[in-house]
Amino acid sequence: MAALPEEPAEVAAVKPDPEAGTPPQPPAAPPAAAAAAPAAPPAAAVEVEAAGNGGEAAAPKQAAPGPAASPAALDRQTLVAVLQFLRRSNLRESEEILRREARLLGDDLGAAALSPAGAGLLGAPGGDADSAGGEALLGRVTAAAAIAIGGSVATVASSSPGVAAVASVPPGKVGGGVVVEDQPDVSAVLSAYNQQGDPTLYEEYYSGLKHFIECSLDCHRAELSQLFYPLFVHMYLELVYNQHESEAKSFFERFHGDQECYYQDDLRVLSSLTKKEHMKGNETMLDFRTSKFVLRISRDSYQLLKRHLQEKQNNQIWNIVQEHLYIDIFDGMPRSKQQIDAMVGSLAGEAKREANKAKVFFGLLKEPEFDVPLDDEDEEGENEEGKPKKKKPKKDSVGSKSKKQDPNAPPQNRIPLPELKDSDKLDKVMNMKEAARRVRLGPECLPSICFYTFLNAYQGLTAVDITDDSSMIVGGFADSTVRVWSVTPKKLRSVKTAADLSLIDKESDDVLERIMDEKTASELKILYGHSGPVYGTSFSPDRNYLLSCSEDGTVRLWSLQTFTCLVGYKGHNYPVWDTQFSPYGYYFVSGGHDRVARLWATDHYQPLRIFAGHLADVTCTRFHPNSNYIATGSADRTIRLWDVLNGNCVRIFTGHKGPIHSLAFSPNGRFLATGATDGRVLLWDIGHGLMVGELKGHTDTIYALRFSRDGEILASGSMDNTVRLWDAVKAFEDLETDDFTTATGHINLPENSQDLLLV
């Protein structure tokens, strides 16, 4: 496989999605790649909302009457608190840098600690209010301690009103630079659930809103009913956080049965959070809190809700709507219950409309031109039978008449792709010749299906892949082995040893056959190297390499010439669920339990891109046919499309009611099919960012999806022990993708998908 020279963009360029919660910390980017993250202005400050006493927000105490502190005094208090903290933590170097920048000498620090203003801050007798304020401030400083280590750029701001920000910068730099933003910790997240209302009235607030929505007009009821689930979760968490455990239990038992069935798994996790201590470190709670739940509602329905809450003076619910929900308001008719049900169900609600407005180059790349003469085997065969030889049309080479450039295709050099080798060109010649002789599939001409059975697998088979020419099949197993079989009479052979290779005539025509060692020929090769179950496998397009990913957190690249491991890629911190080669080779993608997908190149041991944004495990990955985009499916019940060039998320698809387990792009690159544990196959128009079809028929998880080479048939395999064939041409014809549908999401899916079922 041709290896490209190292590009400057090889370093991970990460642009986390604004609604994606807290992504893992990416590798540092060079100055050229730093544009992915906007630089903060010099005066910017990071607000650290941690509080003292183990993250618990301290209740303010009544301060003794006295003169109000001036802003300058508060600035000095904050500075002294930071310096005292650094001294107690033995961070002498950081303390010296901060003192030098602030022009505060050691004597001044001691005097400030003894002054009345500083005494109250640092815990000396000086009033209850000052003491409590000092504890809270020191708690905030603690959250930023990691930033200050080593004198690196840091900015800490107090969340208390009137307290100015204190910045620490390296020597020689005056003013701000790039602000180092710390990950929001559990304490900061939980502190948002402060007490705002009478806990005994929560049930009354919720039931009152429920009664109002159920009694509203049908056209508004379906849209406003989307509020039930996020309000229920946030009100319950607020009760638990403020230690009203009995009220929280009563609230949960009364209203959890009213929620939609596809939220039952989330509610089961929520029911285990019965005490404040349970909330700390709980991933589900943090996901829900750090990413606003998105609701898409018409303007009329929103005004109706707002007017009701204002009339009833229901501040409790209105505050939750304002703080924890993102309402995407559109002009036009409200959506029907069927239209809403088709799009909701993910962990964070629907996708914002602007998330799917970026331009996507979904067309195919122009076929490269190459010179390979056609052989005349077919014509020679006809002559042997005594028939007259047909005059063959003049054709200098295959591929010289390349396709017209697709207007929706990306520029040819948008991302660097490997050059075609001679073997790749021969493969393309064979594919073109086969395509010319291929029978067109359809309802009247269904394909034949070949089943392979893995004997003595003892239910340990965890991953499978087949080469494009159906010559080899690979299985990943729970015993950490990777096994490769030949499914043709040609056996698998390894390359000879170096000593034997030196004796071969390199100029002979059959040198590729001579380098293979016949003594090693066998139908099966077993590859050892992983230390956990193998969850994903992928052959390279040229069939020279094989990828495998495992529970051990690594992705391994194997040579199919020597059947040995060439590289172990280490970047994921947890099990890797899936990996796949690019259609052009060289690049590959992986996704795992750490909630991110990574883009790799075979000759780089570090990832080129890190795609962060999913709120749960990345369970499946697929390259777009033009290799410029990557689709990822997740246990957060969403599908995301990522731009390989800059790492941006350009599409978010919601609608599945369970974790996604299979993805397939149509051969023309315009459509995406997805399957999940809800037993539904959903079809998406990538260009418009819309759902355009739903295939119902399976009764269990869909683990496999694949389009035929001509894109006319879609095959789906499920845990219900069936393989179904669908008419893809009929599914994608007469699509309604006008401007109104695109802007509002008023999709109209066919009612009966059984008309599309072929087998």
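1. Basis. The model is predicted: local features need pLDDT of at least 70, side-chain atom pairs count only at pLDDT 80 or more, and totals for chains, interfaces and linings use all residues. Residues are numbered from 1 along each chain as its sequence is written, and side-chain values use heavy atoms, with hydrogens and water left out.

2. Helix 9 and helix 12. The axes of helix 9 (residues 202-214) and helix 12 (residues 245-255) come within 10 Å and cross at roughly 25 degrees. Helix 9 is therefore roughly parallel to helix 12, and their crossing is right-handed. Helices here are DSSP runs of H or I with at least four residues, strands are runs of E with at least two, and both are numbered from the N terminus. Axes are lines fitted to C-alpha atoms, for helices over the stretch in contact, and angles run from 0 to 180 degrees between N-to-C directions. Angles under 35 degrees count as roughly parallel, over 145 as roughly antiparallel, 65 to 115 as roughly perpendicular and the rest as oblique. A crossing is right-handed if the near helix is turned clockwise from the far one by less than a right angle, and left-handed if anticlockwise.

3. Residues of that contact. On helix 9, Tyr202, Glu203, Tyr206 and Ser207 meet Glu247, Ser250, Phe251, Arg254 and Phe255 of helix 12; contact means heavy atoms within 4.5 Å. The residues of this contact divide into four nonpolar, two polar and three charged. In this scheme Ala, Val, Leu, Ile, Met, Phe, Trp, Tyr, Cys and Pro count as nonpolar, Asp, Glu, Lys and Arg as charged, and the others, Gly among them, as polar.

4. Helix 9 and helix 11. Helix 9 also packs with helix 11, at an angle of about 175 degrees and with the axes 11 Å apart, which means that helix 9 is roughly antiparallel to helix 11. Helix 9 contributes Tyr202, Tyr205, Tyr206, Leu209, Lys210 and Ile213, and helix 11 contributes Phe228, Leu231, Phe232, Met235, Glu238 and Leu239. By class, this contact has 10 nonpolar, no polar and two charged residues.

5. Helix 11 and helix 13. The axes of helix 11 (residues 228-241) and helix 13 (residues 264-271) come within 12 Å, crossing at roughly 10 degrees; helix 11 is therefore roughly parallel to helix 13. Tyr229, Phe232, Val233, Tyr236 and Leu237 of helix 11 meet Asp266, Leu267, Leu270 and Ser271 of helix 13. These residues divide into seven nonpolar, one polar and one charged.

6. Sheet 5-6-7-10. Four strands form an open sheet in this order, with antiparallel pairing; two strands pair if DSSP finds at least two bridges between them. Strand 5 (461-466) and strand 10 (524-527) are the edge strands, each pairing on one side only. Neighbouring strands of the sheet are turned by 20 degrees against each other on average, direction ignored. Strand 7 (residues 482-486) pairs with strand 10 over four bridges, and valine 484 stands opposite lysine 525 in strand 10.

7. Sheet 23-24-25-26. This open sheet of four strands also has antiparallel pairing. Strand 23 (660-665) and strand 26 (690-695) each have a single partner strand, so one side of each is left without a neighbour in the sheet. The twist averages 25 degrees from one strand to the next. Five bridges join strand 23 to strand 24 (residues 671-676), and isoleucine 660 stands opposite alanine 676.

8. Residues 527-562 are 0% helix and 53% strand, with end C-alpha atoms 11 Å apart. For residues 695-727 the values are 0% helix, 55% strand and 10 Å.
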